Amino acid sequence: MDAVRLIVTSRRALAVGGEAAQILTEVWQAQALAQAIGSRLAVSGPPELRGEALGLTELAGRGCGVLDTYALDPADLRAARLTELDDAREALLCLGGLLGEVGIALVGIASAAADEATYWQCMEAIDAADESRDRVLEMLRKLAAREAALPEREPG
């Protein structure tokens, strides 16, 4: 499935909300998807993005690692359905939006956390989502610079 479609599905699922456990599962799904997209770009994306994409993979993996997953069936793992990443720019724009929404959802859970463990888990996940989003924004900047430089290279 195309990366943008998977991101849209994740954004919708996150927006539905629910109890904290459901939201944390959706946050985990979003981070796993960011990890998969970063991995795909690191391997086969534009050369300018590969270092940042590898960093995104690592940061999103950290975001998954700090979260407890609640009964997630492997068949429901959206990141495993990633088969296409046709438009890196569009995918990164959508992913940046999703990661921003992840941060907002985590702030809500942290604010209402009944226990310290959940609070700190959310804080670490917020940090990972912020850093992942920073990588996405840097990749978008590099893509824009690349596109701006292309006309200069073509003979006129």
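## A first look at the cysteines

Cys122 is buried, with a relative accessibility of 0%; buried stands for under 20% relative accessible area, exposed for over 50%, and partly exposed for what lies in between (1.4 Å probe, protein chains only). Before we go further, please note that this is a predicted model, in which local features need pLDDT of at least 70 and side-chain atom pairs count only at pLDDT 80 or more, while totals for chains, interfaces and linings use all residues. Residues are numbered from 1 along each chain as its sequence is written, and side-chain values use heavy atoms, with hydrogens and water left out.

How many disulfides does the structure hold? There are 0, where a disulfide is a pair of cysteine sulfur atoms within 2.5 Å. For Cys94, the closest cysteine sulfur is in Cys64, and at 19 Å it is too far for a bond. Cys122 is in no disulfide either, as the nearest cysteine sulfur, that of Cys64, is 14 Å away.

| Residue | Relative accessible area | Class |
|---|---|---|
| Cys94 | 16% | buried |
| Gln29 | 2% | buried |
| Arg135 | 30% | partly exposed |

## The nonpolar core

The largest nonpolar core has 45 residues, and Ile37 and Leu95 touch the most other members. Such a core is a set of buried Ala, Val, Leu, Ile, Met, Phe, Trp, Tyr and Cys residues joined through side-chain atoms within 4.5 Å. Two or more residues come from each of helices H1 (3-16), H2 (20-44), H3 (50-65), H4 (88-112) and H5 (116-153); helices are DSSP runs (H or I, at least four residues), numbered from the N terminus. H4 gives the most, with 12 residues. Beyond its neighbours within four places in sequence, Leu95 is in contact (heavy atoms within 4.5 Å) with Ile7, Ala34, Ile37, Leu56 and Val136.

## Two polar residues

Gln29 sits in helix H2. A polar atom of the Gln29 side chain lies 3.1 Å from the backbone nitrogen of Arg78. Leaving aside neighbours within four places in sequence, Gln29 is in contact with Leu72, Asp76, Leu77 and Arg78.

Arg135 belongs to helix H5. Which residues does Arg135 touch, not counting those up to four places away in sequence? They are Gly51, Glu52, Gly55, Leu56 and Leu59. Arg135 and Gly51 are 84 residues apart in sequence, yet their C-alpha atoms are 9.7 Å apart in space.

Notes. A polar contact is a pair of N or O atoms within 3.5 Å; within protein, one must be able to donate a hydrogen and the other to accept it, and residues adjacent in sequence count only if both atoms are side-chain atoms.
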